[in-house]
Amino acid sequence: MKETKITLSEKEMPTRWYNIMADMPNLPKPPLHPGTKQPVGPEDLSAIFPMALIEQEVSQERWIDIPEEVLEIYSLWRPSPLYRAHRLEKALGTPAKIYYKYEGVSPTGSHKPNTSIPQAYYNKQAGIKRIATETGAGQWGSSMALAGNLFGLDVTVYMVKVSYDQKPYRRITMETWGASVHASPSELTQAGKKALEADPNNPGSLGLAISEAVEDAATKDETNYSLGSVLNHVCLHQTVIGLEAQKQMEMVGDYPDIIIGCCGGGSNLAGIGFPYIRDKISGKDVRVIAVEPSSCPTLTKGEFRYDFGDVAGLTPFLMMYTLGHDFIPPGIHAGGLRYHADAPLVCQLYHDGLIEAKAYHQTGVFEAALQFARTEAIIPAPETAHAIRGVIDEALLCKEEGKEKTILFNLSGHGYLDLQAYADYMDGKLSDYEYPEEKIKDALSKLPTF
Ligand SMILES: *Cc1c(COP(=O)(O)O)cnc(C)c1O
């Protein structure tokens, strides 16, 4: 029998996260205070984050221990399986070997609990009682709801209004785990009220929901804020994915030539990719490719400069590839990839040529998703399907060139709560949005200069 599923035992689970800041040729420029434009200090961040996470945010220690309580919860679904995509390879007629790490086995169906669990743990340790956060399509909100529930923290989620109306199942998931969910913009914050005054039918955006959650956390006692991507500590927590994958690839005696992940804020790409970029920095020949939507082409078309993480300008300035913080991308189905910027760590590595990037339109992405579902059986999340488009194209290139490369990708989540997107694709209702050049130019032109 051909080996298809490569599993590790619970005992082989990584016990430390890998911090790429110990090895990067150039560290990202520091976050700057939105008022003074000076580097932010720990005290600036302590209004909304616990000190343990602030320390991880700036740490240059290569290995950081995963707390015992976090390991225990991880073990509910970790180590996650690695699969060899024999059937997809055969369907493509490619000499390439394709492997995928399946993060859809978590209780919320994506990689996001890898960071929501430690974030809830460190907040609980710091005596925090309540977490305010945002969610787009609901993946992050449900992961935080789960984590809050497990550690006894109240969780309030500001959910982008269009998703709140269109995607009831993730809202119900969050409520099942005990979270309170509000459509954003809401009347509960100044940022929300202001947006509603300007337009009572405001459909909301991720950047606006972040403004609401940050304001909530900054103005209420015993409440902290929590972010599901972008920040250094989030990328750090996600490295369990790549560390496990390295052991699993070793078990079958393979090493990837190409690693592919979809990129919304950059955290799942960081998770699978950073441990391998460590090898690359020390001379190994491995390519890491970020795949993003053509309608929100942050790395491929954005500018590398300081920008806010949210619409209202409450967060520090972060050094990122950005399309402008008030750019609102078209309503593609991959809600998790509709963010105007990317993680500073991913951006710096891209800038230094250690990560490559590609952008695809959504119809080609769904074509790939269907081909995957019909060969490998798992129905991928629309976000993940971007990575799969990239994988299939690389595998077809191998076929053309007669090269037997090894490709590894991160199957960041399943799509069982995103079936409307599949219905729309199969009904021929999905269209490709042109690259919104004018809107991006406009949003970039409004950014402050330094
Ligand atoms: C949130 C999400 C993403 C995008 O976020 P990253 O930080 O770029 O990983 C990708 N895939 C799934 C399944 C998600 O839920």
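This is a predicted model: local features need pLDDT of at least 70, side-chain atom pairs count only at pLDDT 80 or more; totals for chains, interfaces and linings use all residues.
Cys347 is buried, with a relative accessible area of 0%, where buried means under 20% relative accessible area, exposed over 50%, and partly exposed in between (1.4 Å probe, protein chains only). Cys263 is likewise buried, at a relative accessible area of 2%. Residues are numbered from 1 along each chain as its sequence is written, and side-chain values use heavy atoms, with hydrogens and water left out.

A disulfide is a covalent bond between the sulfur atoms of two cysteines. By the criterion applied, it is a pair of cysteine sulfur atoms within 2.5 Å. The structure holds zero disulfides. The cysteine sulfur closest to that of Cys263 belongs to Cys347, at 7.5 Å, which is too far for a bond.

An open sheet is formed by seven strands in the order β1-β4-β5-β15-β10-β11-β14, with mixed pairing. Helices (H or I, at least four residues) and strands (E, at least two) are DSSP runs, numbered from the N terminus, and two strands pair if DSSP finds at least two bridges between them. At the edges of the sheet lie β1 (5-6) and β14 (356-360), each of which pairs on one side only. Two bridges join β1 to strand β4 (residues 82-84) in the antiparallel sense, and Ile6 stands opposite Leu82 in β4. Helix α13 (residues 267-281) packs on the sheet and touches β5 (97-102), β10 (258-262), β11 (287-293) and β15 (406-411), contact meaning heavy atoms within 4.5 Å. The direction of α13 makes about 155 degrees with that of β10; axes are lines fitted to C-alpha atoms, for helices over the stretch in contact, and angles run from 0 to 180 degrees between N-to-C directions.

Strand β6 (residues 130-135) is largely enclosed by the rest of the structure, because six of its six residues are buried. Arg130, Ala132 and Glu134 lie on one side of β6, and Ile131, Thr133 and Thr135 on the other. Strand β7 (residues 154-160) runs parallel to β6 and is joined to β6 by six bridges; Ala132 stands opposite Thr156 in β7.

The ligand is surrounded by 18 residues, of which the closest are Lys112, Ser229, Gly264, Ser267 and Asn268; a residue is counted if one of its heavy atoms lies within 4 Å. A polar side-chain atom of Ser229 lies 2.5 Å from an oxygen atom of the ligand.

Note on methods: A polar contact is a pair of N or O atoms within 3.5 Å; within protein, one must be able to donate a hydrogen and the other to accept it, and residues adjacent in sequence count only if both atoms are side-chain atoms.
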